[in-house]
Amino acid sequence: MRAVLAVFRHELRRIVTVRPAFSVLILAAVIYAAFYPQPYLNEALREAPIVVVDRDGTSSSREMVRRLDATSDVSVALVLPDLPSAQRAVYERAVSGILLIPQNFERDLLHGRPSPVALYADASYFLIYQRITGAVSAVARTLGAEVESARLVGAGVDPAVAGAVVDPMPLTAVPLFNPQGGYATYLLPAAFVLILQQLLLIGTGLLGTTPDPDRPKAGPLATVAGKHMAYLVPEALILPFYLIALPYLYGIPRLGSAAMVLLFALPFALAVSGLGLIASAVFRTPLAVQLATAAVGLPFFFLAGFAWPPEAMPEAVRLIARLLPSTSAIDGLVRVAQLGAPLSEVAEPFLTLWALAGLYSAIAIALAFRR
């Protein structure tokens with residue numbers, strides 16, 4: 001036990017005195033917390049600009065343009081007389097889409113004939129495309145239903161029956177756990193876990209590869225145990241800050257208790273620090289650790305399962321993803337913190353993290369024996 005405490009005190013002192021490790025473990029954590037969430041603070045994309053080419057010029061076409069501009073998702077930036085002028089506006093990136101209202105739009109509506117409108121939306125950015133197409137479709141359906149209902153009422157149909165005919169199955173959509181339907185609520189909880197993993201992995205790797213002539217004499221088991229304890233000290237401040245305080249500051253929905261979140265974060269921190277000890281034993285130099293962790297950052301992002309669905313991954317890739325602490329941590333922490341799931345419902349990722357912590361610690365001890 002004395003050897004474990006000696007390693008613990010020594011490694012804790014090195015976290016503060018080894019500048020590269022301190023910069024990654026402490027300073028980078030503060031910088032990421034301050035700047036990373038900023039692009040997502042607006043939550044959802046609003047007021048995507050489009051141009052309207054109205055070839056009909058009737059009260060119905062103007063009403064459609066007015067309603068479209070009144071939505072929160074789309075803003076009618078321009079109303080132009082012809083399609084070539086609208087195309088130039090798109091090519092100049094002044095707008096993100098073109099709505100073409102054809103000639104005889106109102107006449108066809110009043111006669112009960114199809115009156116299709118054409119939408120050309122920028123699909124190179126899926127959020128813009130989703131907002132524009134959703135808003136135009138909703139306005140077109142609503143306006144078409146009102147015109148058809150009025151036509152049926154004019155033909156002598158009861159208004160209640162006319163409303164049921166044009167819209168027999170109205171839908172009410174309720175976004176659970178993400179009331180604003182925002183991107184930040186979806187992205188940030190998972191991204192915070194990836195940031196924590198990357199910083200702890202790099203920091204432990206740098207500490208393990210930086211020359212340490214004054215390290216205390218201890219066996220491999222005591223060395224690994226003491227280092228685990230030392231790494232948990234800064235993480236005891238950083239993990240609650242990222243997983244509890246930052247979601248509160250940025251207004252991310254939270255249904256789980258802080259105790260449950262921290263309980264789930266414990267095996268995650270142990271698994272990542274064990275992986276960092278393995279990296280320091282394999283790569284041997286700080287530069288090699290930095291290059292290797294930089295190279296795997298993007299693959300870790302896609303393997304995490306929120307940027308690309310796990311169901312679309314090959315089975316071999318999904319198995320590799322399960323070996324990364326972030327995969328199980330994101331799955332479990334999001335369900336615990338944001339969805340309010342009890343521990344019994346996240347038992348699989350929770351036990352997987354403990355298994356990874358034990359596996360990586362055992363490998364680190366074996367490598368220390370070999371050295």
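**Close-up views of a predicted model**

View 1. Arg14 has a relative accessible area of 6% and so counts as buried (under 20% relative accessible area, with exposed meaning over 50% and partly exposed in between, using a 1.4 Å probe and protein chains only). Welcome to a predicted model, in which local features need pLDDT of at least 70, side-chain atom pairs count only at pLDDT 80 or more, and totals for chains, interfaces and linings use all residues. Residues are numbered from 1 along each chain as its sequence is written, and side-chain values use heavy atoms, with hydrogens and water left out. Arg14 sits in helix α1, residues 2-17 (helices are DSSP runs of H or I with at least four residues, strands are runs of E with at least two, and both are numbered from the N terminus). Its side chain comes within 3.3 Å of the backbone oxygen of Thr210. Beyond its neighbours within four places in sequence, Arg14 touches Leu207, Thr210, Pro211 and Asp212 (contact means heavy atoms within 4.5 Å).

**View 2. Thr209, a residue of helix α8.** Now look at Thr209, which belongs to helix α8. With 8% relative accessibility, Thr209 is buried too. The side chain of Thr209 reaches back to the backbone oxygen of Gly205, at 2.9 Å. Leaving out neighbours within four places in sequence, the contacts of Thr209 are Ser280, Arg284, Thr285, Pro286 and Val289.

View 3. Val289, Thr293, Phe300 and Leu303 are the buried residues of α11. These buried residues pack against α8 (183-209), α10 (258-283), α12 (315-322) and α13 (325-338). After α11 comes Gly305, with a positive phi near 100 degrees.

**View 4. The two domains of the chain.** Stepping back, the chain divides into domain 1 (2-41 + 180-370) and domain 2 (48-166), with bounds from an automatic or database domain assignment. Their C-alpha centres lie 49 Å apart.

Methods: Polar contact = N/O pair within 3.5 Å; in protein donor to acceptor, adjacent residues only side chain to side chain.
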